[in-house]
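User: Hey, can you walk me through this one? I'd like the overall picture and then some packing details.

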Amino acid sequence: MCITKSLAFGFTVSQPLIYRSICLLVFIFCNIADLHAQGSEFIQKDASAVDKAIQRSKEIHRNRHNEEEEYEKAEQAVSLSLDLGDTLLYAKSLDNLGLLYRYHQRYEEAIPLHIKAFDLIAKEDSSFLAKMIYANNAGVASRYAEDYDKAVLYYLEALKIAEKQGDLRNIAISCNGLGNTLLHLSGREEDALAYFERSLEAERERGNTLGIAMNYLSIGDYFTEKGDYGKARNYLDKLLEINKTRKDTFGLGITYEYFGQNYFQERKDLQQAAIYFQQSKSLFEQLGDEHKLADLAKRQGDVFKAQGKFIQAIDFYKKSWEMAEKLKNKGLIMDCALRLSEIYELQSNDRLALEYLKISQQYKDSVALIDQETQIAAIEKRYAIEKKESQIELLEKDKALQQSQLDSQQAALKSHQIILLLMVLVLIAIVAIALMQYRNIKEKKRANVLLRKQNRQISEQKDEIEKVNKQLEATFEELIEEQKNAEEKRVKLLESKFENRIQSLALQSLESQMNPHFLFNGMNAVRWLVMKNKNDEAKEYIDTFAQLLRMSLTNNRKSSISLQEELKSTGLYLKIENLRFGSEFSYTIQVAPEVNPEHIKVPPKILQPLVENAIKHGLLPSRKKHKVLEIKVNESQGGISVEVVDNGTGIKYKKGDNSEPKPDGTHLGLRLIEERLAIYNQQNEGEVKFVIATKKNDEGGVSGTRAEIHILMEADPV
């Protein structure tokens, strides 16, 4: 039955209508919040999948050198980023694929990928580091492919950004690349030296010994090619000293190789050149670097050939040839065959000279054919990417149109929500005013009836008029006072019930925010253990997690629980986290004998966010060998103190923030604690306080974090 009331000014109020309107409003708000949360989670998962594919391709290259698997993972990252429509991730994926092609000497395929990555973010007002990396990578690939004009263009782009940002590292990288490129351009040798020296200056300012060593090597090579062998050796001597200090075996091997090349090109002391090449070879044998060993065998053959020791030269050329075949280095095989042809020609062995010359030419043609195939593959790759980009662009247009329609619908929905909310508020106000008016009218009618009765008594008993009048006045005043007192009590009672209802809804809202956060962490931990094949630990984790989930579902329906229940659920959570992170920390829960936690009431889930914060932002980032988390419950002045103490990294402060210190990072749990305690204190007698601060040692240094919940309330009677 629909209950309505007519007011003095013509309005009619329906109680079921008000109730349905409020329920509809709450339903709409909850669904909108869920949609936003699901959309955000979906985007994060896709972005994470792109980063994982990129990282996996790099790991395969480092550990297994399986080209097909490397390219498969890298191309998967490109495809995912395209589907996601994220320009920055797409650029990052393209640059990663280009690096893999470059590592395998497929420079023609690498160049357009690096250039595309750079062009995608070139107009961005941020991402400066990525721009420098992509431009420098484009320069390196172009230089190796002997496209020197293009290499200079992109090195200069990287240098221009690095200078604006004051990035010494990328200034050094760009200048070194420009120097090595300009060495190959006739008439630009002096410019190359200037860039080398600028790169050297930047590395000295950074204090980067590896960068200094690379520039000494480049400058030494510059003077060797120029024919100033003595000056070149001065720089190589400095390079040798740095690599010895660094104990860099690879660096020493390269240094001795360049010393050998210096003496070889000078042609004055070929024996010294042979000694340096042998020293370099010994170091690379220690490292197991087959590519360098094959190249050094060919250089040793060059020395013996120049000395006229043809038998030794032939032996080294054949050794280099044999290693090059294993490495599938056709360019090196071509060079060795050509050198052997020249030796046999000097020995007047025309048959072998012609035979090796033909082999050299065959490999030359093969290298040219591979270059052509590489260029064709690069074109096909660019076409495939551009085709998919076109498809994505069309999908993006459809998506934009759909998004526009969705935005319009959301705007209309928002307007409807506002109108509905205003209607609800107006209806509530009307009902309240109507009830008050109705009560006042009823009381006035009752008073009028009483007055008429008294008037009749006065007319019948004229001799007692004064007495009756006095009694009537006293009675009337008492009635007015009672009415006033009753009205005040009723209003206060309604206000109290309304306030309690609002606070209860706010508490339920906060609880609904914490549950998804808690469930996500739990499911993510189980997934991680399964991926690591830790099945026993995963089973134990799931059993413990189930216990904790059951307690959470039970406790969430209560406005308060005993401290004993809260400590038990927190203990289960600590066990879960300890399993998840492989016992990386230890924990204790200590309750003083004089404290009976069964008789102390606290809001549910008040300790778990503090423990989570201590583990994730205090203990896990710490480098201490023994990481400890303690929960202590003691009596304190006027109540009970619950402390959560860790010996982690302490609270980090945001630079330049003069406001009250807050833990660095996203700490939803800590903010929810403050809000929930504020509501709890309004609904209950007593007070629960919460503080968190960095713990200091005797020297004033950071020794961890201490969080305290102080309960100013008496325990329930036994």
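This is a predicted model: local features need pLDDT of at least 70, side-chain atom pairs count only at pLDDT 80 or more; totals for chains, interfaces and linings use all residues.

User: Fine. How many helices and strands does the protein have?

Analyst: There are 21 helices and nine strands, taken as DSSP runs numbered from the N terminus (helices H or I, at least four residues; strands E, at least two).

User: And how much of it is buried?

Analyst: 39% of the 718 residues, with buried meaning under 20% relative accessible area (1.4 Å probe, protein chains only).

User: Which residues have the most contacts inside the largest nonpolar core?

Analyst: Those are Leu97, Tyr216, Ile219, Phe223 and Val303, in a core of 72 residues. A nonpolar core here is a set of buried Ala, Val, Leu, Ile, Met, Phe, Trp, Tyr and Cys residues joined through side-chain atoms within 4.5 Å. Helix α6 (residues 148-165) gives the largest share of this core, nine residues. There's also a second, separate core of 43 residues, which includes Val602, Ile606, Ile631 and Phe690.

User: What is Val303 in contact with?

Analyst: Leaving aside neighbours within four places in sequence, Val303 is in contact with Phe264, Leu270, Ala273, Ala274 and Phe277. Contact means heavy atoms within 4.5 Å.

User: How do α12 and α13 cross?

Analyst: The axes of α12 (residues 270-287) and α13 (residues 290-307) come within 10 Å and cross at roughly 165 degrees. Axes are lines fitted to C-alpha atoms, for helices over the stretch in contact, and angles run from 0 to 180 degrees between N-to-C directions. α12 and α13 are therefore roughly antiparallel to each other, a label for angles over 145 degrees.

User: What about α3 and α4, what's their angle?

Analyst: About 160 degrees, with the axes of α3 (residues 87-103) and α4 (residues 107-121) 8 Å apart, so that pair is roughly antiparallel as well. Leu97 is one of the α3 residues meeting α4, where the partners include Leu113 and Ala117.

User: Switching topic: which residues does the "coiled-coil region" annotation cover?

Analyst: The unreviewed UniProt entry puts it on residues 50-77, 369-412 and 441-497; such annotations may be inferred rather than shown by experiment. In the model, residues 50-77 are 89% helix and 0% strand, and the end C-alpha atoms of that span lie 5 Å apart.

Technical notes. Residues are numbered from 1 along each chain as its sequence is written. Side-chain values use heavy atoms; hydrogens and water are left out. Buried means under 20% relative accessible area, exposed over 50%, partly exposed in between (1.4 Å probe, protein chains only). Angles under 35 degrees count as roughly parallel, over 145 as roughly antiparallel, 65 to 115 as roughly perpendicular and the rest as oblique.
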